[in-house]
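This briefing concerns selected side-chain and backbone features of one protein model. Please consult the sequence and the coordinates alongside the points below.

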Amino acid sequence: MPAGYAAGAPAPWWVKLTVKLALGALPVPAGAWRAIGLRRHSFGALDPDRLVEPLASRARRFEEVAGRAPRAVLEVGPGAMVLRAPVAAALGLGPVWYLDVEDSAPRDLAPYRIAAEAARKAGLVPPDLSGCANRADVLAACNARLLVGGPAALAAVPAGSVDLVFSEVALEHVRRDALAPLLAALRRVTAPGGLGLHAVDFHDHLGGGLRHLRFGPAFWDGRAVARAGLYCNQLGLSQILAAFAAAGFSARASQRLVWPLPQLPPGGAHPGIGRAPEDDRICHAALEVRPA
């Protein structure tokens, strides 16, 4: 992985952090920021490469492991990618559950129809959305449901019912004190023989590298960072894998992207973070998780 990966806008890191914190302090709802292109959770959501193949590849991986096609699936932290519900239905997946801490899924019907058309062009048969008047109708037609809240929201999902659980760069944004409850809830809903596929970014989301590690949990877990939509839990790969193990999963990193040299800020990581030194080379990892 090149050293400048995910460096973001060409502005000093401190400037970006200050601007983000200042905007977050304003009494403006998160939805209003997203409407003008800020604080978006799913950049390029309608990129054709993100519509069919990512879901299809996960379904194929489950079939390789389990010897059968998956049925019930759960996506954690989907953001705008709830719009892929017609694709999931076209792939024969269902019920489809989405869990997010806030409702940032599109309410306009156009993105769902674009996703359905992408499935059709891929040779699949998506549900007919012509009679849908709102998002609720679309999700019902796709046998999908959006759950909004923390781990407790997964109480709506029957125990041991989900074949495939996945997330795309979402786990690093789960608050430290919520990660264990979330993984415990995922363990409860995962079916015997189920599979979890999780992509996790470990780099600083403002300027690449590991600049965010210069601050300890007292700052990063504070209200100012949360209001600005900047929160990362600062956990390393070994800590994420240990958290899955503690929840009753067997987890491994099937792929790792690493920097040629550690990307620590001047002075090193804050001592309160408690990261293992070997984690400071890892930029991104793909995890495969199964019930232990």
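This is a predicted model: local features need pLDDT of at least 70, side-chain atom pairs count only at pLDDT 80 or more; totals for chains, interfaces and linings use all residues.

Is V169 buried, partly exposed or exposed? V169 counts as partly exposed, at 31% relative accessibility.

**Aromatic pairs**

- Seven aromatic pairs are present in the structure.
- In one of them, the ring centres of W14 and F215 are 5.9 Å apart and the planes stand at 80°, so this pair is edge-to-face.
- W14 belongs to helix α1 (residues 13-25), while F215 is in the loop between β5 (190-201) and α8 (217-220); the pair therefore ties together parts that are 201 residues apart in sequence.
- W14 has a relative accessible area of 46% and is partly exposed, whereas F215, at 17%, is buried.
- F244 and F249 also form an edge-to-face pair, with 5.7 Å from centre to centre and 80° between the planes; both F244 and F249 are buried.
- One aromatic cluster is made up of W13, W14, F215, F219 and W220.

**Charges over rings**

- R214 is placed over the face of W13, at 4.9 Å from the ring centre; W13 is itself a member of the aromatic cluster.
- The charged end of R175 sits over the ring of Y231, at 4.7 Å from the centre of that ring.

- R58 is part of helix α3 (residues 53-66).
- With a relative accessible area of 12%, R58 falls under the 20% limit and is therefore classed as buried.
- A polar atom of the R58 side chain lies 3.3 Å from the backbone oxygen of P54.
- Leaving aside residues up to four places away in sequence, R58 touches R84, L164, F166, S167, E168 and L197.

**Backbone geometry**

- Most residues other than glycine have a negative phi, and most peptide bonds are trans.
- The peptide bond that joins G94 and P95 is cis, with omega of about 0°; P95 is found in the loop between α4 (85-90) and β2 (96-100).
- V169, which is not a glycine, has a positive phi of about 40° and is located in the loop between β4 (162-168) and α7 (176-189).
- Q234 is likewise not a glycine and has a positive phi of about 65°; its place is in the loop between α9 (223-227) and α10 (237-246).
- Q234 counts as buried, at 3% relative accessibility, whereas V169 counts as partly exposed.

Technical notes:
Residues are numbered from 1 along each chain as its sequence is written. Side-chain values use heavy atoms; hydrogens and water are left out. Rings of Phe, Tyr and Trp (its six-membered ring) pair if their centres lie within 6.5 Å; planes under 30 degrees apart count as stacked, over 60 as edge-to-face and the rest as tilted. Helices (H or I, at least four residues) and strands (E, at least two) are DSSP runs, numbered from the N terminus. Buried means under 20% relative accessible area, exposed over 50%, partly exposed in between (1.4 Å probe, protein chains only). A charge sits over a ring if NZ of Lys or CZ of Arg is within 6 Å of the ring centre and within 35 degrees of the ring normal. A polar contact is a pair of N or O atoms within 3.5 Å; within protein, one must be able to donate a hydrogen and the other to accept it, and residues adjacent in sequence count only if both atoms are side-chain atoms. Contact means heavy atoms within 4.5 Å.
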